[in-house]
Amino acid sequence: MSVKLVNISKIFKGQGNDQKEVEAVKDVNLEVKEGEMVTLLGPSGCGKTTTLRIVSGFETPSTGEVWISGKMVNNIPPNKRDTSMVFQSYAIFPHLSVAQNIGFSLELKGWGKNKIEKEVRRIMKIMEFSELYNRRPDQLSGGQQQRVALARAVINKPSVLLFDEPLSNLDAKLRVQMRMEIRKIQQTFGITSIYVTHDQEEALTISDRIVVMNEGKIMQAATPIEIYSYPKNMFVADFIGRVNFIPGKIIEKKENTLLIDFGIYQKEIKCRYGDFKVNESVIIVVRPESLKMSSANKKDPHCIQGEINKLVYLGPTIEYEIEVKGLSRKIFAVIYNPIEEGFFKVEDLVNIDFKPIAAHILSQKDKE
Amino acid sequence: MENYKKWLKKSSQEIAFISKDPILLLAVLLIFGSLIIFILYPLCKVITASVFSKGQFSFNILKDVISNWYFRQGFYNSIIMGALTSIIGAGIGFLFAFTLARTDIPFKKFFHLIAIIPIISPPFIGAMAIIMLFGNNGLITSGLLGINNFKIYGFRGLLFAQVITFFPVAYITLRGVLESISPTLEDAAFDLGGSRWKVFNKVTLPLAIPGIASAILILFVETLADFGNPLILAGSKFPILSVQAYLQITGMYDLPSGAALALILLVPSISVYFLQKYWVSRKKYVTVTGKPTVSSHKVVSPAAKWILFAFCSFLAFVILLIYFTILWGAFAKVWGFDNSLTLNNFKYVFSVGFKAVTDTLIIAITSTPIAGILGMIIAFLVVRKKFPGRREMEFTSMLSFAVPGTVIGIGYILAFNNPPLALTGTFLILMLNFVFRYIPVGIQSGVAILQQVDPSIEEAAVDLGADSRYTFKKVTLPLMVPAFFSGLIYSFVRAMTAISAAIFLVSANWNLMTVQIMSQVESGRLGAASAFSVILVGIILLAILIIRLILNLFYGNFGGTMLKI
């Protein structure tokens with residue numbers, strides 16, 4: 001019940017007179033293991049929805065192969081593929097009742113009326129919305145339509161469940177609730193799933209693995225913790241959460257770590273990806289919440305020093321924007337528990353420090 | 001050259017694609033074939049008949065027609081009548097629509113129904129009633145005022161009849177336009193301190209201008225093409241082109257001149273129609289709103305409101321008077337001389353003219369569903385499938401909207417008089433004429449509804465395992481049902497009330513009620529004409545009721561959103 005994409009590319013023929021070709025997906029390789037929930041995450045136009053539609057069969061790849069459950073399915077139309085899709089617009093059939101919508105695929109299989117009703121009621125009970133059985137689509141709220149769409153997709157026991165930004169039409173509160181529900185249903189039935197979203201919080205909370213895409217290419221595919229803590233390149237680092245890029249230079253290579261020079265001080269940082277040479281200029285990635293701040297009265301050569309430009313007080317945290325001499329980008333720091341960590345004012349001079357474990361080295365060439 | 005190559009490549013890809021689906025290919029070919037034979041070919045015949053004389057290409061016929069002052073007068077009259085009717089009709093239609101959409105006057109439903117009646121009745125009822133009210137033995141002129149020689153024939157009477165007949169079309173269009181303009185915009189302008197007049201003048205009117213312009217153009221095309229009212233009311237001193245073309249053919253047996261006149265009629269109709277469709281209708285404003293809003297009805301001052309109410313009431317009174325006159329006329333012994341009640345007119349209709357009733361019903365009942373289904377299929381193909389000539393298919397099938405009935409009628413007698421398609425005088429020629437004249441409505445409503453239906457609804461069905469046939473049957477088709485039925489009602493009404501093309505195509509074997517009414521009017525039997533009209537309107541109302549009932553019975557469960565089309 002796994003999904004495998006091998007060298008998938010998709011070129012769209014241009015519409016209109018200029019007939020410009022657009023390469024929406026470029027040489028994508030991806031394997032989704034059985035029962036795994038993989039999220040395709042990226043900005044709009046990054047090719048994530050196209051990739052999903054290639055798996056469902058609504059788009060044919062220009063090159064490459066799609067494998068589902070060990071079978072090459074390139075030439076199998078969407079209605080013969082063992083995939084079920086939850087659409088962004090839900091695509092509830094407006095002329096059918098809730099029960100008829102959910103039982104649609106069973107009716108197609110030629111099941112008897114009683115058998116369909118039993119199964120529809122069973123699934124609605126598991127998903128806890130049995131009371132909607134006889135409702136019509138125009139009597140449903142957004143969240144309820146979402147549930148119907150999900151039930152309709154899982155009732156068929158598909159090998160693969162596909163989600164096309166299913167929560168983007170819901171309000172913020174309902175989105176949080178529904179993503180927990182989607183994850184619960186996915187795990188209850190153990191269905192291999194691919195989930196497309198541009199919402200990073202959604203991706204981080206529900207996925208076993210996140211695939212970050214940009215301009216048709218996979219930037220990184222890893223677990224949520226890895227993606228956030230150790231982004232493979234500057235795009236991923238910048239796309240997920242907020243981040244500081246601090247330039248440095250390698251002065252010594254050790255067994256597992258590199259000694260980096262920041263101008264006025266040095267730090268030994270573990271190297272995770274890539275091969276670096278001595279004297280190479282690199283970028284150190286540090287998340288704002290990993291930064292520690294202290295008053296700059298005591299001159300500390302192991303710290304970056306800067307002046308506070310702006311601050312936002314949010315209660316549990318304070319966010320600071322700090323201008324550092326010689327850095328083009330301002331440093332952004334989030335201080336948790338400010339009561340214990342202390343308060344600073346705009347124009348205060350501060351020392352900024354971080355623990356080596358919270359830092360991560362990227363090559364400067366690696367702009368992607 | 002490069003573009004052409006790409007087009008060729010795309011077309012050949014599309015052809016390759018549809019040849020994989022033989023049913024689709026067959027449907028496309030059949031539809032193209034029938035559109036060419038039954039829409040384009042008759043039009044070409046009109047053109048060739050007027051530029052070929054004795055097998056030679058020449059402009060002599062056209063020259064003769066144009067140099068004839070009487071025909072020239074007909075042309076000017078038609079244009080002037082069209083222009084005046086469209087401007088006055090659109091003005092009245094706008095006021096009516098504005099009153100119903102923007103004020104909280106009482107009896108709104110009643111006013112709406114009153115405005116609908118002229119649309120569902122034969123277009124010459126207005127002319128008939130005017131003669132019965134203001135003619136030589138008119139109820140008002142000679143009966144109430146004692147005037148015996150009031151001149152109702154000609155410009156004045158015709159203009160009055162045309163405005164009453166066609167303002168409802170403007171009303172329907174403009175009501176839609178006004179309802180799509182969010183009243184919050186007006187409330188906002190009012191709130192910002194604009195006076196009521198300024199709000200109307202600076203917000204409502206500018207937003208409605210494209211709608212008004214397109215209503216004027218639609219009315220112009222319809223008035224220009226109208227045949228029934230001028231035939232009854234225009235008289236010989238105020239010739240109208242469509243009537244001249246008809247008389248030239250049926251009176252003088254001069255087909256080439258008739259065709260030439262039809263061609264001259266066709267040019268302004270087609271140009272104004274396409275001006276409306278491709279230019280004005282694109283200039284619509286779309287007001288984006290979050291939630292549906294309710295008008296506060298505060299933008300119209302109480303005084304203005306009651307003035308508008310009085311205006312609508314007067315209009316409603318005039319329309320009711322017309323229908324009351326027809327109804328009375330149907331039961332009157334001899335209209336104008338002895339208006340006491342009798343059933344003789346109906347006895348006459350049922351004994352002498354009943355065949356026309358059954359003929360009309362048979363033709364309407366057979367042509368309507370065919371037009372409806374064909375319309376849905378074309379809409380589906382045009383919106384959802386890709387094949388070369390898709391746009392041309394839509395264009396050709398919409399052409400019947402623009403072409404005056406007189407032109408089509410003449411085209412049909414020219415095209416289908418000889419083998420292999422010798423259809424003159426048959427049931428088939430009337431039926432085919434109706435089918436191809438009334439598919440555009442079905443297509444329009446089908447296209448509109450398909451564009452509203454999110455393609456992912458169909459994809460969802462396919463994704464769940466349905467093949468394309470099952471998806472069409474179980475998902476697309478049911479969603480198109482309301483559009484199908486509204487197209488059905490429209491084509492039924494049109495088939496029952498059509499006259500301009502049909503009058504050329506009727507024969508002793510197959511006659512129509514409308515044509516019968518006309519000949520009764522011409523021979524002065526106003527009572528029989530009225531009785532025919534009452535039966536005709538009665539049948540139409542009954543049919544609409546039945547279609548509504550069927551729709552409610554089967555789709556009542558989904559009434560809420562499904563039936564509002």
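1. Two strands count as paired here if DSSP finds at least two bridges between them. The coordinates are those of a predicted model, and the points below should be read with that in mind.

2. By that criterion, four strands of chain A make up an open sheet, ordered β2-β1-β4-β5, with antiparallel pairing. The edges are β2 (22-32) and β5 (71-72) of chain A, each of which pairs on one side only.

3. Within this sheet, strand β1 (residues 3-12) of chain A runs antiparallel to β2(A), and seven bridges join the two.

4. Chain A is split into domain 1, covering 3-237, and domain 2, covering 242-363. Taken over C-alpha atoms, the centres of domain 1 of chain A and domain 2 of chain A are 39 Å apart.

5. Where the two domains of chain A meet, six residues of domain 1 are in contact with eight residues of domain 2. On the domain 1 side of chain A, the touching residues comprise four nonpolar, one polar and one charged.

6. Further along chain A, strand β14 (residues 281-286) has two pairings to check. With strand β11 (residues 244-253) of chain A, β14(A) forms six bridges in the antiparallel sense; here A:K249 lies opposite A:S281 of β14(A).

7. The other pairing joins β14(A) to strand β20 (residues 359-363) of chain A, again antiparallel, over five bridges. A:I283 has A:L362 as its bridge partner in β20(A).

Technical notes. Residues are numbered from 1 along each chain as its sequence is written. Chains are lettered from A and ligands numbered from 1 in the order in which they are written. This is a predicted model: local features need pLDDT of at least 70, side-chain atom pairs count only at pLDDT 80 or more; totals for chains, interfaces and linings use all residues. Domain bounds come from an automatic or database domain assignment. Two residues are in contact if their C-beta atoms, placed from the backbone, lie within 7 Å. Ala, Val, Leu, Ile, Met, Phe, Trp, Tyr, Cys and Pro count as nonpolar, Asp, Glu, Lys and Arg as charged, and the others, Gly among them, as polar.
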